[in-house]
Amino acid sequence: MKTRITELFGIERPIIQGGMHYVGFAELAAAVSNAGGLGLITGLTQRTPADLANEIRRCREMTDKPFGVNLTFLPTVSSPDYPGYIKAIIDGGVKAVETAGNNPQKWLPALHEAGVKVIHKCTSVRHSLKAEAIGCDAVSVDGFECGGHPGEDDVPNFILLPRAAESLKIPFVASGGMADGRSLVAAMALGAEGMNMGTRFIATQEAPVHENVKQAIVAATELDTRLVMRPLRNTERVLNNAAVERLLKKEKELGGNIKFEDIIEEVAGVYPKIMKTGDMEAGAWSCGMVAGLIHDIPTVKQLMDRIMQEAEDIIRKRLPGFAG
């Protein structure tokens, strides 16, 4: 399947594995790339630029296909060593970067000079247009359904994707609610040129996370996510658990007076406990509403093959039946 996204990144299938904290290691990125998509290493999961350089080397040993790095620009006082991470990406010969968070404009010249294509994650049309204006090569348009940070506008993909298609000249992929061939065909019908999957890729055999995490996603329905940190305007969609219930209770009790320090136990440093040791009550962790569409734990290749077969069947068999 050829789209502007497959052409841009030199991949066979218009499917990108989103950056996910303590999930996007070399094992998963390589598996996605080997199956014809674009796998991504999550940059900030690697504690130092040297660690990222090593992870890029590990991924290179597992695949000869294109893969990328996700780099989230955080609005923090003690900023990560972004110049070091950018250097590790360029020196490692990586040709695709997914940026997220703050405006990546200051880093684009160095990346583009090294031949790196940049796709920026956006939760609104205005942010997508800004990404286009500063020179990003593509955008990942994240609807309200998505796991992680859906922004503050609450616009779902059935509206957001056609609005993006009306407004953008650069190609974009749909993110949030993407799980199967139906997702891919629907996203493309609405104007996208591919899709980005996060939660769906956690429930695969190659995802280097604890089995408890995969089983929790399979067991969850579309009703089992919650929005936290909304009063702080840092909204995150997470899978419900005891820690999330505590967090929401604090938000209700403290109202507009809540500070990040009040909920730090439920959100800080929880990913290693959950993803590595399988402590599913340790805190709040990102999960999309798409969990309701996830019923098994296939290999990445089985999943990607199935998605493409489903998409082809819909395009060639089901949709033509409605014509005329």
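In which sense do strand 9 and strand 10 pair, and over how many bridges? They run antiparallel, with four bridges between them; two strands count as paired if DSSP finds at least two bridges between them. Keep in mind that this is a predicted model, where local features need pLDDT of at least 70, side-chain atom pairs count only at pLDDT 80 or more, and totals for chains, interfaces and linings use all residues. Residues are numbered from 1 along each chain as its sequence is written, and side-chain values use heavy atoms, with hydrogens and water left out. Helices (H or I, at least four residues) and strands (E, at least two) are DSSP runs, numbered from the N terminus.

- Eight strands make up an open sheet with parallel pairing, in the order 1-8-7-6-5-4-3-2.
- Strand 1 (15-17) and strand 2 (39-42) are the edge strands, each with a single partner, so one side of each has no neighbour in the sheet.
- From one strand to the next, the twist averages 30 degrees; angles here run from 0 to 180 degrees between N-to-C directions, and axes are lines fitted to C-alpha atoms, for helices over the stretch in contact.
- Strand 4 (residues 96-101) and strand 5 (residues 117-122) are a parallel pair with four bridges, and T99 sits opposite H120 of strand 5.
- Helix 2 (residues 26-34) packs on this sheet and touches strand 1, strand 2 and strand 3 (67-73), its direction making about 165 degrees with that of strand 2; contact means heavy atoms within 4.5 Å.

**Helix 2 against helix 3**

- The axes of helix 2 and helix 3 (residues 49-62) come within 9 Å, crossing at roughly 35 degrees.
- On the helix 2 side, A26, E27, A29, A30 and N34 meet E55, R58, C59 and M62 of helix 3.

**What R13 holds on to**

- R13 is in the loop between helix 1 (4-9) and strand 1.
- Its side chain reaches the backbone oxygen of A35 at 3.0 Å.
- The side chains of R13 and D305 are joined by a polar contact of 2.9 Å (a pair of N or O atoms within 3.5 Å; within protein, one must be able to donate a hydrogen and the other to accept it, and residues adjacent in sequence count only if both atoms are side-chain atoms).
- Setting aside residues up to four places away in sequence, R13 touches T6, A35, G36, G37, M304, D305 and M308.

**Nonpolar cores**

- The largest nonpolar core has 83 residues, and F201, V213, I217, M275 and W285 touch the most other members (a core is a set of buried Ala, Val, Leu, Ile, Met, Phe, Trp, Tyr and Cys residues joined through side-chain atoms within 4.5 Å).
- Helix 14 (residues 300-318) supplies the largest share of this core, seven residues.
- Beyond its neighbours within four places in sequence, V213 contacts I202, I274, M275, M280 and W285.
- A second, separate core has 10 residues, including I5, F9, I16 and A138.

- Y22 is buried at 15% relative accessible area (buried is under 20%, exposed over 50%, partly exposed in between, with a 1.4 Å probe and protein chains only).
- R233 is another non-glycine with positive phi, near 55 degrees, but R233 is exposed at 63%.
- The loop holding R233 runs between strand 9 (225-228) and strand 10 (236-239).
- Strand 10 is covered on both faces, with E236 and V238 buried on one side and R237 and L239 on the other; V238 is the bridge partner of R226.
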